[in-house]
Amino acid sequence: QVQLVESGGGMVQAGGSLRLSCAASASGSIFSINDMRWYRQSPGNERDMVASISSVHNTKYADSIEGRFTISRDNAKNTVYLQMNNLKPEDTAVYYCNSDIYSRGWLKNYWGQGTRVTVSS
């Protein structure tokens, strides 16, 4: 069984930066991790994908990010990061990591518990 553990959320003033981390762990061996993604959700809104990164480090971003965020991964640590710069109040949301992970002979989709980001003016 796989668990995604997130950290790095918190409160920051507009224009500040935060770095989110999400590490995958498993009771058994993790054979491979495909795309790793960051989503976010604010009250009353859908959960939207912010960024994704493939196993070979190809990246995609939502248009709303406007070049302010950078997604990266460390395959040796089974960890995905989201560096968030020039944060705006509109970025306030709960951020979730998500990934398709092959473990114990099965490919399954997993979600992190979410980490809250609050950006004040």
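Mentor: Let's start with methionine 49, which is placed in strand 5. Strands here are DSSP runs of E with at least two residues, and helices are runs of H or I with at least four, numbered from the N terminus. One caution: this is a predicted model, where local features need pLDDT of at least 70 and side-chain atom pairs count only at pLDDT 80 or more, while totals for chains, interfaces and linings use all residues. Residues are numbered from 1 along each chain as its sequence is written, and side-chain values use heavy atoms, with hydrogens and water left out.

Trainee: Why is methionine 49 called partly exposed?
Mentor: Buried means under 20% relative accessible area, exposed means over 50%, and partly exposed is in between, with a 1.4 Å probe and protein chains only. Methionine 49 has a relative accessible area of 38%, so the residue is partly exposed.

Trainee: Which residues is methionine 49 in contact with, leaving aside neighbours within four places in sequence?
Mentor: They are Arg37, Trp38, Tyr39 and Ala62. Contact means heavy atoms within 4.5 Å. As for valine 119, its C-alpha atom is separated from that of methionine 49 by 19 Å, and the two residues are 70 apart along the chain.

Trainee: What makes a set of residues a nonpolar core?
Mentor: The members are buried Ala, Val, Leu, Ile, Met, Phe, Trp, Tyr and Cys residues, joined through side-chain atoms within 4.5 Å. In this model the largest such core has 28 residues, and Trp38, Leu82, Met84 and Tyr95 have the most contacts inside it. Among the elements that give two or more residues to this core are strand 1 (2-7), strand 3 (18-26) and strand 11 (115-120). In soluble globular proteins, nonpolar side chains tend to be buried together. Methionine 84 touches residues including Leu18, Leu20, Phe69, Tyr95 and Val117.

Trainee: How do you know that arginine 73 has no salt bridge?
Mentor: A salt bridge needs a side-chain nitrogen of Lys or Arg within 4 Å of a carboxyl oxygen of Asp or Glu. For charge, Lys and Arg count as positive and Asp and Glu as negative, while His and the chain ends are not counted. The nearest side chain of opposite charge to arginine 73 is aspartate 35, at 5.6 Å, and the arginine is buried without a salt bridge.

Trainee: What polar contact does the side chain of arginine 73 make with another side chain?
Mentor: Arginine 73 makes one with the side chain of asparagine 75, at 2.7 Å. The term asks for a pair of N or O atoms within 3.5 Å; within protein, one must be able to donate a hydrogen and the other to accept it, and residues adjacent in sequence count only if both atoms are side-chain atoms. The side chain of arginine 73, a residue in strand 7, also reaches the backbone oxygen of serine 54 at 3.0 Å.

Trainee: Why does arginine 40 count as buried?
Mentor: Its relative accessible area is 15%, so arginine 40 falls in the buried class. Arginine 40 lies in strand 4, and its side chain makes polar contacts with those of aspartate 91 (2.9 Å) and tyrosine 95 (2.9 Å).

Trainee: Why is the pair of phenylalanine 31 and tyrosine 102 called edge-to-face?
Mentor: Rings of Phe, Tyr and Trp (its six-membered ring) pair if their centres lie within 6.5 Å; planes under 30 degrees apart are stacked, over 60 edge-to-face, and the rest tilted. Here the centres are 5.2 Å apart and the planes at 80°, so the pair is edge-to-face. Phenylalanine 31 in strand 4 and tyrosine 102 in strand 9 are 71 residues apart, so to speak distant parts of the chain that the pair links.

Trainee: Are these two residues buried or exposed?
Mentor: Phenylalanine 31, at 66%, is exposed, whereas tyrosine 102, at 29%, is partly exposed.
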